[in-house]
Amino acid sequence: MTKLLLSEIQKNTETSTNFYGKLNKNLWKNIAASMNIQGYNLTADNCYIKWTSMKKKYKIIKDAKKQTGTAKQTWEYFDIINDMLGKNPVVAPLSIASNIRGFTINENVLHLSDEEQCENEQNVLNITSTNVLKNRQTRKRKSKTSAWMEELIEQRERHHQENYNQRERLLSLLEKNSRH
């Protein structure tokens, strides 16, 4: 049943890019319907709850693999879910900033240009034997404000200015009224 659920999730996620984020009820209904055709009596909620518990277990095992001194944990569905979630930024961040290792970009998730690869390697090379950064180049982010974000900022500024003007008019009217 679990393998069938995972294969149905994979089939349905190929058509939807926003599946792993918010719950898309129609997709879960489709998955439950496919499961019911195969003889399992499941609801969309059952499938979703099972998926979230599998994601939690996957994340626990993935985190445990990064730690030293812990017993090796295995799970038969780990590789399947890793293929599904391995490039998800929630599970595998695009970059990591550390006071020990500096700023590094996860090459497994993001394809780097030659310049970014060189900069990433330079950050790694700047680590001294005592794990203290020395002469580390800082990476300056380019401001890439999208058009919708600029429009939102302008809208908020206009709204603020309108509120300010209304308050000024109200204060003016109150002052005139208190004089009379």
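In this predicted model, the buried residues of helix α4 are covered by elements that include α1 (2-13) and α3. Helix α4 spans residues 78-85, and its buried residues are F78, I81, M84 and L85.

Helix α3 comprises residues 44-66 and includes T52. T52 counts as buried because its relative accessibility is 18%, below the limit of 20%. The side chain of T52 reaches the backbone oxygen of I49, at a distance of 2.9 Å.

K3 touches E76 and Y77, when residues up to four places away in sequence are not counted. K3 and E76 are 73 residues apart in sequence, while their C-alpha atoms are 9.9 Å apart in space.

E8 forms a salt bridge with K11, in which the closest N and O atoms are 3.2 Å apart. The two residues are three positions apart in helix α1, so about one helical turn separates them. E8 is buried, since its relative accessible area is 7%. Side chains of opposite charge can pair when their charged atoms come close.

A search of the whole structure finds two salt bridges. Besides the pair E8 and K11, the side chains of R179 and E175 meet in a salt bridge, with an N to O distance of 3.9 Å. R179 and E175 both belong to helix α6 and are four residues apart, about one turn of the helix. With a relative accessible area of 68%, R179 is exposed. E175 is partly exposed, with a relative accessible area of 45%, because this value lies between the limits of 20% and 50%.

Helix α6 covers residues 147-179 and also contains M149. Together with W148, L152 and I153, M149 forms a nonpolar patch on the surface. The accessible area of these four residues together is about 390 Å². M149 itself is partly exposed, as its relative accessible area is 31%.

The chain contains six helices and two strands. From the N terminus on, its elements run α-α-α-α-β-β-α-α. Of the 180 residues in the protein chain, 24% are buried. The chain exposes about 14200 Å², and carbon and sulfur atoms supply 49% of this area. Among contacts with a separation of 6 or more, 41% are between residues 24 or more positions apart.

Notes: Residues numbered from 1 in each chain as written. Predicted model: local features only at pLDDT ≥ 70, side-chain atom pairs only at ≥ 80, totals over all residues. Heavy atoms only, no water. Patch = residues over 30% accessible without salt bridge, like charges linked within 9 Å, V, L, I, M, F, W, Y side chains within 5 Å. Areas by Shrake-Rupley, 256 points an atom, 1.4 Å probe, with all protein chains shown as cover. Buried < 20%, exposed > 50% of the residue type's maximum accessible area, 1.4 Å probe, protein only. Contact = heavy atoms within 4.5 Å. Polar contact = N/O pair within 3.5 Å; in protein donor to acceptor, adjacent residues only side chain to side chain.
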